[in-house]
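Open the model in your viewer and keep the selection tool at hand. The tour goes from one stop to the next, with something to select at each.

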Amino acid sequence: MAPPELVADLLDGQHRALARAITKIENRSEGYRDIVAALHDHTGHADVVGITGSPGAGKSTLVDKLAAEYRERGLTVGIIAVDPSSPFSGGAVLGDRIRMGSNVGDMDVFFRSMSARGTLGGLSTATSDAVKALDAFGKDKILIETVGAGQNEVDIVKTADTVAVLVPPSSGDDVQMLKAGILEIGDVFVVNKADLAGSDKTVQELRGMLEMRDRDEDDWEADIVETVANTGEGVDELLSVFDAHADWLDETGKRDELERKRTAEEIRTLLRNDAGALVEEEVERRGGMDDLVERVVRRETDPYSVADDVLEPFRDAVRHND
């Protein structure tokens, strides 16, 4: 069961309880699933925005400015910064505190950094669960920031309602990199550091690539916004695009469609993970992977037969239930 006091305190708006819950979620500590389950009925109210892009694009500075502008508008903010390659987590890294300078001391901006802790595949699930905790807590806006723009980061930002892809002004290399998958998930493309040379060319190249993107007539047409995060230039326009996309999701029914799609994927992921854990238990019961490998290497059996043997108890259980 979820610790009732922890859940109650979180729902009562206590930041210490929120921090403790997210720590349990990130560490996959005992009882974390019960916490997320208990919070589920209180979710579905926050707007979730994913911010991704190549390292050095200025994501951290922009997220800071976005949070500050949301606070100016009287909205509360939750920020999760995800670094799949970092061994550090828990929001205690000094750099996290320094770079969120505009919002230090503001209790209505909750910042948390999360890392992979050696399990890249589970990070998107942990991030999604942390978002649920922030949502249930009552945060109006939730920003998910990723350090890079690789496949793991793409999986993470896909848990957001709106995805912003940052691209720095350049010779075009960064724009060409977008072809590797992230182009398809962007709802708005942000040319940050637009005061630097090359920004106009980057905008033109982005526009050309977006025109070639496969899309149906009723799909959202991705915007391109130029910003200078250091000064806050363009932040208002970017927030207007976020609002417009949120309205479009509601008016077209796409938000419900998106939630159903994400929920189906979440259930599949949990089933794969849990089934995988059961299979690992069965492997250990049979002497462990090293023993099975040794038998295959000695040509006493083969990988397909091993897999069939290990899965046989599960097949029997499923057929018995039929």
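Which residues make a nonpolar surface patch of about 250 Å²? Select Met 289, Val 293 and Val 297, the residues that make this patch. Keep in mind during the tour that this is a predicted model.

Val 293 belongs to helix 12, which covers residues 289-297. The relative accessible area of Val 293 is 41%.

**Strand 5**

Next, select residues 162-167, which form strand 5. How many of its six residues are buried? Six of the six are, and the strand is mostly covered.

Strand 1 (residues 47-53) pairs with strand 5 in the parallel sense, over five bridges. To find one place where they meet, select Ile 51, whose bridge partner in strand 5 is Ala 164. Strand 6 (residues 188-191) also pairs with strand 5 in the parallel sense, over four bridges. Here, select Val 165 and look opposite, where Phe 189 stands in strand 6.

**Salt bridges**

The structure holds 22 salt bridges. Start with Asp 129 and Lys 132, whose side chains meet in a salt bridge of 3.9 Å, N to O. Why are these two residues separated by about one helical turn? They are three residues apart in helix 6 (residues 120-137), so about one turn separates them. Asp 129 and Lys 132 are both buried.

Move to helix 13, residues 303-321, and select Arg 315 and Glu 312. These residues lie three apart in the helix, about one turn, and their side chains meet in a salt bridge of 3.6 Å, N to O. Then select Asp 308, whose side chain meets that of Arg 315 in a salt bridge of 3.3 Å, N to O. Are these residues buried or partly exposed? Arg 315 is partly exposed at 26% relative accessibility, Glu 312 is partly exposed at 33%, and Asp 308 is partly exposed at 38%.

For the last stop, select Asp 47, Lys 141, Asp 161, Asp 250, Arg 255 and Arg 262 together. These residues are linked in a network of salt bridges.

Terms used
Residues are numbered from 1 along each chain as its sequence is written. This is a predicted model: local features need pLDDT of at least 70, side-chain atom pairs count only at pLDDT 80 or more; totals for chains, interfaces and linings use all residues. Side-chain values use heavy atoms; hydrogens and water are left out. Patches are made of residues with over 30% relative accessible area and no salt bridge: like charges are joined within 9 Å, nonpolar side chains (Val, Leu, Ile, Met, Phe, Trp, Tyr) within 5 Å. Accessible areas come from the Shrake-Rupley method with a 1.4 Å probe; for residues, only the protein chains shown count as cover. A salt bridge is a side-chain nitrogen of Lys or Arg within 4 Å of a carboxyl oxygen of Asp or Glu. Buried means under 20% relative accessible area, exposed over 50%, partly exposed in between (1.4 Å probe, protein chains only). Two strands pair if DSSP finds at least two bridges between them.
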